[in-house]
Amino acid sequence: MDLDPVIRNWLELAAQAPSSHNSQPWRFRVARDGVEVWTDPERVLPVSDPGGRERVISVGCAVMNLRVAAAADGRGLNVRPEQAGPGPYVRLLNTTHAGADLQTLPLLKEWIPRRRSWRGRFRPDPVPPEVVDALVAAARQEGVWLRPVTGTEPRREIVRLVREATREQWRNPAWRAELAHWMRPAAAGDGLPVGRFTGGLTRWAVRRLVSPRRMARAEARVASGAPVLLALGTGIDGPMQSLAAGQGLQRVLLEAARHGFCARYLNQPLQLPERRAELAEQLGRGHPQLLFALGRPDGTPRATPRRPVELLLRT
Ligand SMILES: Cc1cc2nc3c(=O)[nH]c(=O)nc-3n(C[C@H](O)[C@H](O)[C@H](O)COP(=O)(O)O)c2cc1C
């Protein structure tokens, strides 16, 4: 299919979005009046995300990148979330109306390819309060809330939830198998990259060797030592709110990248319904969708692969 080079560039940028296990669960349909972003029904994580909540959040992240890309090209898009049989999708319709995106989003474009998730240690540098305020405002622009976890006692409780949820997940052989399944050489174009020759051993270790207790301790250490711990959530819970959460998350992450900060996800409590309920109670508001630490990475985050645009098109 001959794609308009401008649209191709938008889709390439959209596909740089983060996604659970780098599963890239999005598909695009280019129509005469705009672009549609759909969930890919084949890219599912039945163990860690049985309801598809994170899948829709990931699609929301891709939608935000598309909005940023279009805004940077001075093109207005009317964003219309829709509900269809297998899940929600988003229509981004061309419009001559200059919406708020054209003013606020273009400066984020250069950060789309530079944003990365981080899995290592953070440098001890604090995240300045004005940066946290800017992130809270970015989330609010998308109709979602972002809440820094402050105070020793609330943080201790959340560290406990991260520790317990991590241990529960690593004690589940099906969860471990699903994670190992998504670990593959970068040439695959998706998943979590592992060495071409050492990948088999890494997958075996994930399936059989890694100690749940050790993982739990390591994740708890990240949660307790991170410069800032942030929860992002919505007032009600449902597919449309997951789409908004994804757009909010990506807007926050791009804004954070602009200031040199990276996210380290700590979503384990959100992937287990009882732990998620406990987290909601602890935070005292709405429905938490994501939990992550933020800081300056003590190293260079590695790029993860993406599939070519041709494989992402839906007719
Ligand atoms: C909804 C969502 C949930 C995620 N959950 C986790 C997680 O629990 N643990 C983790 O290490 N990374 C998590 N990630 C990060 C992805 O693994 C990461 O986005 C993907 O590997 C691509 O890498 P990149 O973000 O550096 O481009 C999540 C990302 C999204 C969008």
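Helices (H or I, at least four residues) and strands (E, at least two) are DSSP runs, numbered from the N terminus. The views show a predicted model, in which local features need pLDDT of at least 70, side-chain atom pairs count only at pLDDT 80 or more, and totals for chains, interfaces and linings use all residues. Residues are numbered from 1 along each chain as its sequence is written, and side-chain values use heavy atoms, without hydrogens and water.

**View 1. Helices α6 and α7.** The axes of α6 (residues 173–181) and α7 (residues 199–209) come within 8 Å and cross at roughly 170°. Axes are lines fitted to C-alpha atoms, for helices over the stretch in contact, and angles run from 0 to 180 degrees between N-to-C directions. The two helices are therefore roughly antiparallel (angles over 145 degrees). Contact (heavy atoms within 4.5 Å) involves R176, A177, L179, A180 and H181 of α6, together with R203, A205, V206, R207, R208 and L209 of α7. Six nonpolar, one polar and four charged residues form this contact; Ala, Val, Leu, Ile, Met, Phe, Trp, Tyr, Cys and Pro count as nonpolar, Asp, Glu, Lys and Arg as charged, and the others, Gly among them, as polar.

**View 2. Helices α5 and α10.** With axes 11 Å apart, α5 (residues 152–170) and α10 (residues 273–283) pack at an angle of about 175°. This angle makes α5 roughly antiparallel to α10. On the α5 side, the contacting residues include P154, E157 and I158, and on the α10 side they include R275, E278 and L279. The contact has six nonpolar, one polar and six charged residues.

Key
Angles under 35 degrees count as roughly parallel, over 145 as roughly antiparallel, 65 to 115 as roughly perpendicular and the rest as oblique.
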